[in-house]
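Student: Hey, I've got a new structure to get to grips with. Can you walk me through it?
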Amino acid sequence: MRPETHRLTVGAAAAAPMNLLGSLIELPFKAIQRLVGIRGMPYIFLVPNLGFFGIFVVIPLFINFAFSLTGGTNLFLSDRVYTGTEQYGFLLDCENFADSGSCREDRFWRGIYNTMVFVVFQVGFLVLFSLVTALILNRKIRGRGFFRAVYFFPVLLSPVVVALIWKWILLRDGILNAFLVTIGLEKILFFVSPQWAMFWAIFVSIWAHMGFYTLILLAGLQAIPPDLYEAAEMDGTSKERIFWRITLPLLWPNMLVVIVLALIKGVQIFDEVYVLTGGGPGTATQFIVQYIYNTGFTNQVQNFGLASAASVILGAVLFALTLMQLAAVRRKDSA
Amino acid sequence: MPEAFASSPPPRTIAGLLTARRGRGRLHWTDVFSYAYLGLGVLLMFGPVVWLTLSSFKTASGLLEFPPTLFPLGQIEVEVEGYDDPLPLYRVTEEDGTARELAQIRRIGIIAQMVDPADPDTTIKVPIRQREAVREFRVAWENYSAPLQRFNFLTYLQNSVVVTVAATIVTLLINSMAAYGLAIYEFKGRNAIMLFVIGTLMIPITVILVPVYLVVTELGMINSLWGVILPGAATPTGVFLLRQYMLTIPRDLIEAARMDKASEWVIYWRVVLPLATPAIAVLAIFSIMWRWNDFLWPLIVLNRSEVYTLQVGLNAFQGELDVQWHFVLAMTVVTLIPVVLVFAFLQRFITTGIASTGMK
């Protein structure tokens, strides 16, 4: 960021209308300032933002609990019947928690198991590939900026675009199958096989998000003081040993942040996979957020209570993960 | 100068010459691995997007071909005297190996009725195995124009632009006001409010889908773009980013403005905002990305085709029973273009923004 040049260009173009707008809004604000004094002004500046948070985050959070304790199909709370913890009981009613088929709401548990499988493989390989890429980009490489951009640009693509790019490749008559036929193999119907669908869901989401985590790890690698490496080289330490004894330990705080961040995002996976596979075949790639979405919004009977109860459970998991994230960030900043 | 040359002796063998690289020493296996990995990365990251773009220029029939051709090709059609429509041109190989170009009138089973464009009066019957389409490089621009004219894609595009612009303006305004309040003043409850703002990070939209839907319904904003714009306008990351930046603005400037009897709003608008432009630019870029790419929430709020954003419209279009891939591909490219442009011009901004804030 170069603040000076930037301020000049944007400032010059936007100055006139911005000044006009500013003077227009100033009138009511001046009146308010006369009323509450300077000491009252910070609250005035905070009101719009906190209002939005209140209406669209805090109140909904409480309504969510209320919803999860009621039944029926009405949207408005006053029309809903209080059912206590019935929705939770319904969701958690399982003979054997390892087998989703034995649960009363088997789609919920399928969603949980699918999400767990997805998160384990996606986060694992995501962090691995991001680390390898960051390490390579941190070397003395020609065209480093170009390669960094290559890995990064999918981060900015929309999930719908990402899914369509890959769907087009993986279709029955797509280019990947054309390649398989050319080298003498059979066509594979990727979206008909549960294993392949899950594989591509994981692959595509790694493809889309890897650049983001690579960037964070690269920033971490570049923050390691070079004199540490120089000292180690002077002592004749092997490259391998340098990696295990200097690079990895010093990068570890960043790794921790990346892992937890990837977990938080991974648990909420929905967009790309929904467009890519639609959750199919069957429920093979249906994840927990899609379960909530389907239950609350697309099924014939919109079961808001059940969707809310599932959201509360998801929220509890994310809350725990976020606490881990904050702990990881604190460790990183103090390190 | 002579010393510098002497210190790095030229490679003595051919192998040494081949493996010599910038810097010192020979090509280590890790260098080979690095470049191989990066080369593969370019193929894997760029390849799919290039393939999508190339495919988007093919005609509907061109897309059905298997195995697919790399570049968009279209069959040549010729005007033949006595026929109203142009006829497709084929190269016909006779039994004796001679080849000539004929236009096809119609096909009946495995026999094609063909005609020589130079001699339109005699029809020739040719087994279809003996004929092969004559093709030329042709770009199907209609893939781009048709969805914008005949389908609602122009409306979707417009809706996406409205949502992105309006939401970004609202986000910048209210987040910078809150950041100003938190950065410049000392007041009771500041830390509590700061904690609250960061706490909202823990509640992503996926956790409160149903209740926010209720709130938006109560506000009468279902199937309205406002229902998409407003719920995500206050962002904890935005407030945090701007506040951290505003903390670095020297207090003397603000005190001096107060001495000049400037109102608090003027200090915010004329002093602090201009100084915080770099941070605001970063937030603006992020907001544009978030809003342009947003999918789950618009999917829930927007149920009528007239109010779809590009992402929702694209999803609906690709989910139809008989997917018109030539249109889907072209519209995917349209959706992708703004992001590519933003990336091309603002890459450094985005990457430093992410690296320094750890958000996206």
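Predicted model: local features only at pLDDT ≥ 70, side-chain atom pairs only at ≥ 80, totals over all residues.

Student: Switching to chain A on its own. How many helices and strands does it have?

Tutor: Chain A has 13 helices and 2 strands. Its C-alpha atoms fill a box of roughly 75 × 75 × 40 Å along the principal axes.

Student: What radius of gyration does chain A have, next to a compact globule of 335 residues?

Tutor: Chain A comes out at 26 Å, while a compact globule of 335 residues would be near 20 Å. As for burial, 41% of the 335 residues of chain A count as buried.

Student: What about contacts in chain A, how many join residues at least 24 apart?

Tutor: Taking contacts between residues at least 6 apart in sequence, 66% join residues at least 24 apart.

Student: Let's zoom in on α6(A). Why is it described as largely enclosed?

Tutor: Because 12 of its 12 residues are buried, α6(A) is largely enclosed by the rest of the structure. Among those buried residues are A:Trp166, A:Lys167 and A:Trp168.

Student: How far does that helix reach from its first C-alpha to its last?

Tutor: Helix α6 of chain A, residues 159-170, reaches 16 Å, close to the 16 Å expected.

Student: Now the nonpolar cores. Which residues have the most contacts inside the largest one?

Tutor: The largest nonpolar core has 165 residues, and those with the most contacts inside it include A:Trp166, A:Val204, B:Tyr180 and B:Leu242. Helix α8 (residues 194-222) of chain A gives the most to this core, with 15 residues.

Student: What does B:Leu242 touch?

Tutor: Leaving out residues up to four places away in sequence, B:Leu242 touches B:Asn175, B:Ser176, B:Ala179, B:Ala276, B:Ala279, B:Ile280 and B:Leu283.

Student: And which residues are in the second, separate core?

Tutor: That core has 11 residues, including B:Val80, B:Val92, B:Ala103 and B:Val115.

Conventions:
Residues numbered from 1 in each chain as written. Chains lettered and ligands numbered in written order. Helix = DSSP H or I, 4+ residues; strand = E, 2+ residues; numbered from the N terminus. Expected span 1.5 Å × (residues − 1). Buried ≥ 20, exposed ≤ 12 C-beta atoms within 10 Å, placed from the backbone. Rg over C-alpha atoms; globule rule 2.2 N^0.38 Å. Contact = placed C-beta atoms within 7 Å. Core = buried A, V, L, I, M, F, W, Y, C linked by C-beta atoms within 7 Å.
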